[in-house]
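Reader: I'm new to this one. Could you walk me through how to read it?

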Amino acid sequence: MLFSARLFCGQLSPDDVGRSVLLAGWVDAFRDHGGLMFVHLRDRSGIVQIVFSPEIAPAEVCQRAAALHAEYCIAVRGEVRKRLAGTENPNIETGSIEVLVTELTVLAESDALPFAVSDKAMVAGAPSTSADNVAEDLRLQYRYLDLRRPSIRDNLILRHRIFQCVREFLDSRGFLEIETPVLTVSTPEGARDYLVPSRVHPRSFYALPQSPQIFKQLLMVGGMERYFQLARCFRDEDLRPNRQPEFTQLDIEASFIDEEFFYELIEELAVKMFAIGGIALRRPFPRMTYAEAIETTGTDRPDLRFGLRLVDVTDVFSQTNYSIFRQILNRGGCIKGINIQGQSGKLSKNVLQNEYAREIVPSFGAKGMTWMRAVDGSLESNIAQFFSRRELDSLRKRFDVADGDVLIMIADPSRAVVTSALGPLRLHLANRLGLVPADSYCPLWVTDFPLFEATEEGGVTSSHHPFTAPNRTDFDPNNREELLKLRSRAYDLVVNGEELGGGSIRINDRQLQRKIFAALGLTEEETRQKFGFFLRAFDFGAPPHGGLALGMDRAVSMILQTPSIREVIAFPKNRSAACPLTGAPSAVSREQLAEVGLLNLGGPDALPGTALKENRLDHLSWVSRIGVAEEERAMIEDVLAQADELALLASQKAGAEQPIYSVAPVVNRTRPGTECQRSERARTGELLAGAPAVKGNYFQVGSILE
Amino acid sequence: MDSPFFYRNPAAPAAPSGPLAGSKIAVQPNLSVAGWPADAGSNALADFKALEDATIVKRLRQAGASLCGATRMSEFGFGLRGSRAGEAIRSQAADAELVLDLMGESRLAAIRAAVCGFKPSYGLVSRLGLIGLIPSMESCGLLAETPATIRELLKAVAGQDCLDFSMPDDEPLDLAPQDIDPPKTTIGVVAEAQSGLTAEQEALFRSSLDQLKQAGFSLLEMSLPEFSLFSLVHRIVGSVEASSSAGRYDSVRYGPRAAGAKNWNEMYLLSRAAAFGPLLKSYLLQGALFQFERYEAYENACRIRARLLRQMQRLASRADCLVFPAVDGAAGGGPPLLADTYGQFAWTLFANVTGQPALYLPPPPDAAHAGLQLAGARLSDGRLLALGEHLVNLHPRGK
């Protein structure tokens, strides 16, 4: 069969009626109407209905058509015709036409499918099917089938569009796409590296890059002036639901520029990227200093889609008689709060006191919270009587209170505790009260980060990395107070509370770099050991430069509004950083380990990867602290083997429903009419009556003999 | 081991008054009665004496009942091995018994003793003072000669307990007697619940259904294709919860402590090695496997549980109640194995997964069928017991 004449299913239109066409693709779905056979034929471009009619196709073709199954790969020849009135299918792009088949070639048959690929109903009004509630690991194991599904296919097409848009735009601005090595050296900073053993240099390792940071700066020293790369980066970090061990970032670096260059460049780029998803971003993006972000939203990643800004009311209570506030203020503390406007209907006294004050706010790290509800022109609260009229009036003014508003305030001797509790509380309230508008995108730049953070040992450490330029250069590297006040020339791009990217202007002056290392308490010898070859490059006339990196998986996922970043990656790892398709990571043979010199590294028993795993039963016995007798082992091993089968069955049958942990969840654990009190039996010591050993009013256990 | 009692109350019943006046009730030693030994059938609590009365116990006493003792039970009530539940009623030593229902123990005990056995809706009865094992599935089951007695008992013990903060905020139930009009009462029959029955068991179940038809009820065939997954969910979720629950038996607060430990960890390992019998130990270690190594299996099971719950609710909403085979799937002798234990409860554990009430009714004397297991929507306990009363009254049992 010659494919040169092949047309694409999704591109046929009523203009093609009467034309003889050659199509190829997969059987998406079929209906057999007793001899008359309808098939949805799908290729990458879309779906068209093809018809096997005994009146037109030879009997032998109809016979073979009857044996077609889902996902058979076929080619057909036939004539395009308009569908009969009333049989159009609005579910597909080509729903007004169909192709009457005269020739059929089965290119490859398909086994029964592990899940349905088709999601387009064959007749108008029928519900569309979807593999969305197939267990994700099963989808990933058969990812090549999953990719045939239009939703995933569209995600990858748009991802490609976005990447193309990035390349074209940066090319038009004079940026060069330059690749940097993937086999490189382990860097002392940041997350854990993935290591690759070298065969030629036994017991030496390459590291996979966590980012091309060092190389992109060296490219600037090398005079490339403007560089970008859609770089694959690797980080061996702890598992998080939406994190991949390898990810793609747009890495950019430029020379002879300042911050404004990047604001303009990235804003324009972001507008173009989001436009591909039909999202219009308004320019210029607002800017907020780190300090303002923390003070008004409690986080350096502010979500500006809704209000609920934090307001400082410390001064309102400077003369207060309320002892808890007074003690906190005497210790130099602060009080901040949020006005939740018009939500007193949803935030009852019970909810505020028993849920927020007792459970939610303490889980965010604050010791407690104060609430007030504006009702009938006054502020009601369980502690309103402790405040003076003047204080209540000032609060009303400061928060601009109207009836129906709810005030929540947190006071603590530590300002950091107040803001870090109000930040998540702000998000919690917005989500619970439905204050986050759908389809809204609020990008902003966060700037002026602190250059250093205090360490517990009394020194300072870089907030970002030690090559970030400070806002001024005339500081004293030995004055800790002054160092902690320095700001960095770093900037983060934040959209809807998610950090999409960040970067900074770098230090190119070696004197200044020395001062920074001195501030960090590193000696010349230590800096040479840690950053040697890199610093040496700065001895040869490095240009002023800066850069930025954008997380592309996250950005694409946000633009396409997918529930996870795995939906926009062709072959992602699952939540456990494993690949169900290939089985990576996997054990390797002893021979392979011997070749790279990794056998017997730490003595005769240590065989990384192929080492005898600790017996599973021993491990479980240890973690649950239940000893197992020799004669019990065989029976329990059997039970664990069955448990593996149960786990497998559960993953196959899991579906997409939200897990439940109780059939009748308890909404409110606080019962009316109960009070916290110490048990009488605790006082008398009766509570200890069942204990095997008691000393005084305590349980007794043996001393630690280890 | 001749007596079904683990402990008999030496005190004479107090002067009774109240709706349960004069009735003798046996509990299990997993229910706290102040001063009584409460080992929950396990070495882990050997010699433990309860300090206070459980809420149920208080309420029974307030209603005038007298507690006659605690019957022998399986380890933490898991399965029926070592349990003598039901025998106290058979020997007329008690009028009713309380039996913890983790996967159907109260109903299977009722089958063995040929009495009525009832598992109330999840969360209907306070568990304060109950030494449980699987918090999201367990209910305190009630055994008695008639559904009417069970209804009276339930009336006395059900309802909010401000000290049990695991209780959902359900409205109080109406447990007054109700009239049943068979032609207007639909009973659902889940086809898939009959798979796995032997030919004989199936024939018995069919004749039970015939009995319902003869009594004038209309039967409605229903389908729950995933019925077999109830066992999967129970086995995974139950073992994880049991493994967490059993964490408290550490030989520090209570329970015997093994001698010879060199440090804390060894103390735990040795004491807990001796605390649990082989069946329970295998269950706890299976739970540990899901918690520590295959957590996704637990989450998946909870997803399936959500789906099964929804499907069961839909079936229950289409009928007044559902009827299931009442079968003790015991595998016979041999060592206690987890798989066999689950096989034994294959036809009862669904109600623990969904939290719905379930009632076992023994067959009328000389009847050629196996008795019935009725189940309804959660909190339809009153209706279910009324239906049971109606059915039992069709064939009054001669003593």
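Reader: How do the axes of H6 and H9 of chain B cross?

Author: An axis is a line fitted to C-alpha atoms, for helices over the stretch in contact, with angles from 0 to 180 degrees between N-to-C directions. Helices here are DSSP runs of H or I with at least four residues, strands are E runs of at least two, and both are numbered from the N terminus. In this predicted model, helix H6 (residues 229-245) and helix H9 (residues 295-317) of chain B have axes that come within 9 Å and cross at roughly 135°. Under 35 degrees counts as roughly parallel, over 145 as roughly antiparallel, 65 to 115 as roughly perpendicular, and the rest as oblique; H6(B) and H9(B) are therefore oblique to each other.

Reader: Which residues make the contact between H6(B) and H9(B)?

Author: Contact means C-beta atoms, placed from the backbone, within 7 Å. H6(B) brings residues including B:Leu229, B:Ile236 and B:Val240, while those from H9(B) include B:Ala297, B:Arg305 and B:Leu308. Ala, Val, Leu, Ile, Met, Phe, Trp, Tyr, Cys and Pro count as nonpolar, Asp, Glu, Lys and Arg as charged, and the others, Gly among them, as polar. By that scheme this contact has 13 nonpolar residues, no polar ones and one charged.

Reader: What does chain B's side of the contact with chain A look like?

Author: The contact takes 65 residues from chain B and 53 from chain A. H9(B) gives the largest share of chain B's side, 12 residues. By class, that side has 37 nonpolar, 13 polar and 15 charged residues.

Reader: How many residues of H12(B) are buried?

Author: Count the other C-beta atoms, placed from the backbone, within 10 Å of a residue's own: 20 or more is buried, 12 or fewer exposed, and in between partly exposed. In H12(B), 10 of the 14 residues are buried, so this helix is largely enclosed by the rest of the structure. Its cover includes strand S5 (116-119) and helix H4 (147-157) of chain B. Across chain B, 58% of the 399 residues count as buried.

Reader: Is A:Leu218 buried or partly exposed?

Author: A:Leu218 is partly exposed, because 18 other C-beta atoms lie within 10 Å. A:Leu218 sits in helix H5 (residues 213-221) of chain A.

Reader: What about the numbering and the confidence limits?

Author: Residues are numbered from 1 along each chain as its sequence is written, with chains lettered from A and ligands numbered from 1 in the order in which they are written. Because the model is predicted, local features need pLDDT of at least 70 and side-chain atom pairs count only at pLDDT 80 or more, while totals for chains, interfaces and linings use all residues.

Note on methods
Contact = placed C-beta atoms within 7 Å.
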